[in-house]
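Work through the exercises below with the model open beside you. Try each task before you read its solution.

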Amino acid sequence: MKTLLALLCMVGILIPVYGQKFEPNYDEDKVPEYQLPSLLNMENGKPVTNKRQWGKRRAKLVEIFENEIYGKSPEWDGQITSRLIFENKDYLNGKATRKVVRLTLARAGETVDLDLLVFYPNLGKKVPAFLGLNFYGNHTISSDDQVAVPDTWVRNNEAMGSANNKPSEKGRGLRIDNWPYEDILSRGYGLVTLYYGQIDPDYADGFKNGVHALYPEEKRKPNSWASIAAWGWGLSRVMDYLEEEDWVDDKKVAVLGHSRLGKAALWAGATDERFGMVISNNSGCGGAALSRRAYGETIGQMINVIPYWFSDSFTVYDKKENELPVDQHQLLAFMAPRPLYVASGVEDQWADPKGEFLSCVAASPAYELFGKEGVPAEVLPPLDQPVMGSIGYHIRSGGHGLLPYDWKQYLDFADKHF
């Protein structure tokens, strides 16, 4: 039911939540007055003027985000084993290799399997790569049955061939346009993707399944890790594996995500500096967009519909955005000096495109500490005209989705920096 409510919210329909009526604000004149919390001032008010001071400031801010929004993820102290399910070194007439690798995370007598769908060009050298979570299973990114339909919980979506929370062959190949691996390979990049529900299923399960089962808690704390943190943590475990692979340049792995998985990609990039580039596609509130604008998706709407995405401590900020000690421009600044790209869709007002852009602007001073340009614009760029500094941004035609246009910009941005 809550998944349905979230969908209705996305299309701008009034929804009842615990007896309340929520109507998203899409009127700039109704955006409340706000002042962003400082990025480059220490807690004692002293300005941050160099990289060393920023390191201290950054560490403190990360701690606040952990305690107030996403929850604190555990340090990994288990074992990871990998098993090759299949490998085709002559994929696309010899131009590429495609394989599926099963990672098994083991700890405290529990195991979690993560199936990676891997593509890379056969160039005879290490290549940069994109890593991202997918929504409905690896089979949706394959036109042939060599890539199996996962036997796991998925969100119901008739268009994706899933019903009774199970995927099916009807979804095969339906997401190839969202993960255009042939274009990615032709540009000299690898692609690694996995189904996000294997890391943590996207429903209120009491944090008993997925990777949460590896770290059981008798009683959850206010800052215990929730689903967004778990998805980001899972991406770091994939990075553990990629560091051992001989085809990938592990200093040039771009972590990418769309929508809620864009939120997860940003948190992964913030907490794991091994990711050489971070890409947020339509991530909205709790992702790239400024919370204090209360435009489109808001803190209150998230914690009332999908509270398990966030730590319990986040619930106190329902309709109290200005009391939150941080805002999302600080999250974006955690990526400095690594390249960061944020993208919006003009029809995706739920994700607050302007708020995503303003967040990039407010994060840019952190990049300037490293002698780098942040986002090279002070006003929202024209439609379909990307701007690329060390922070890239575009607002494109269309709505909520990870589209071929987006990928073209990400590939161009990776060319610029990788």
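A salt bridge is a side-chain nitrogen of Lys or Arg within 4 Å of a carboxyl oxygen of Asp or Glu. This is a predicted model, in which local features need pLDDT of at least 70 and side-chain atom pairs count only at pLDDT 80 or more, while totals for chains, interfaces and linings use all residues. Residues are numbered from 1 along each chain as its sequence is written, and side-chain values use heavy atoms, with hydrogens and water left out.

**Exercise 1. Salt bridges**

Task: Which residues are linked with Arg237 in a network of salt bridges?

Solution. Start with the total: the rule gives 25 salt bridges. Now look around Arg237. A network of salt bridges joins Arg237, Asp240, Glu243, Asp272 and Arg274.

Task: Where in the chain do the partners Glu273 and Arg58 lie?

Solution. Step one is the contact. Glu273 and Arg58 form a salt bridge, with 3.9 Å between the closest N and O atoms. Step two is the location. Glu273 is in the loop between α6 (260–271) and β9 (277–281), and Arg58 is in helix α2 (residues 51–70). They are 215 residues apart, so the pair links distant parts of the chain. Helices (H or I, at least four residues) and strands (E, at least two) are DSSP runs, numbered from the N terminus.

Step three is accessibility. Buried means under 20% relative accessible area, exposed over 50%, and partly exposed in between (1.4 Å probe, protein chains only). Arg58 has a relative accessible area of 11%, so Arg58 is buried.

Task: Are Glu245 and Lys99 buried or exposed?

Solution. Find the contact: Glu245 and Lys99 meet in a salt bridge at 2.7 Å, N to O. Glu245 sits in the loop between α5 (227–242) and β8 (248–258), and Lys99 sits in strand β4 (residues 96–107). The pair links distant parts of the chain, 146 residues apart. Then check the values. Glu245 has 14% relative accessibility, so Glu245 counts as buried. Lys99 has 7%, so Lys99 counts as buried too.

Task: Which parts of the chain does the pair Asp327 and Arg292 tie together?

Solution. The salt bridge between Asp327 and Arg292 has its closest N and O atoms 3.2 Å apart. Asp327 lies in the loop between α7 (299–305) and α8 (328–333), and Arg292 in the loop between β9 and α7, so the pair ties together parts 35 residues apart in sequence. Asp327 is buried because its relative accessibility is 0%. Arg292 is buried as well, at 4%.

**Exercise 2. Aromatic rings**

Task: What are the centre distance and plane angle for Phe119 and Tyr181?

Solution. A pair of aromatic rings is described by the distance of the centres and the angle of the planes. Rings of Phe, Tyr and Trp (its six-membered ring) pair if their centres lie within 6.5 Å; planes under 30 degrees apart count as stacked, over 60 as edge-to-face and the rest as tilted. The count is 29 aromatic pairs. For Phe119 and Tyr181 the centres are 4.5 Å apart and the planes are at 10 degrees, so the pair is stacked. Phe119 is in strand β5 (residues 110–121) and Tyr181 in helix α3 (residues 181–186), 62 residues apart. Phe119 is buried at 0%, and Tyr181 is buried at 5%.

Now apply the rule to Phe314 and Tyr317. Their centres are 6.4 Å apart and their planes are at 50 degrees, so this pair is tilted. Phe314 is buried at 2%. Tyr317 is buried at 9%. Both belong to one aromatic cluster, whose members include Phe65, Trp231, Trp309 and Phe334.
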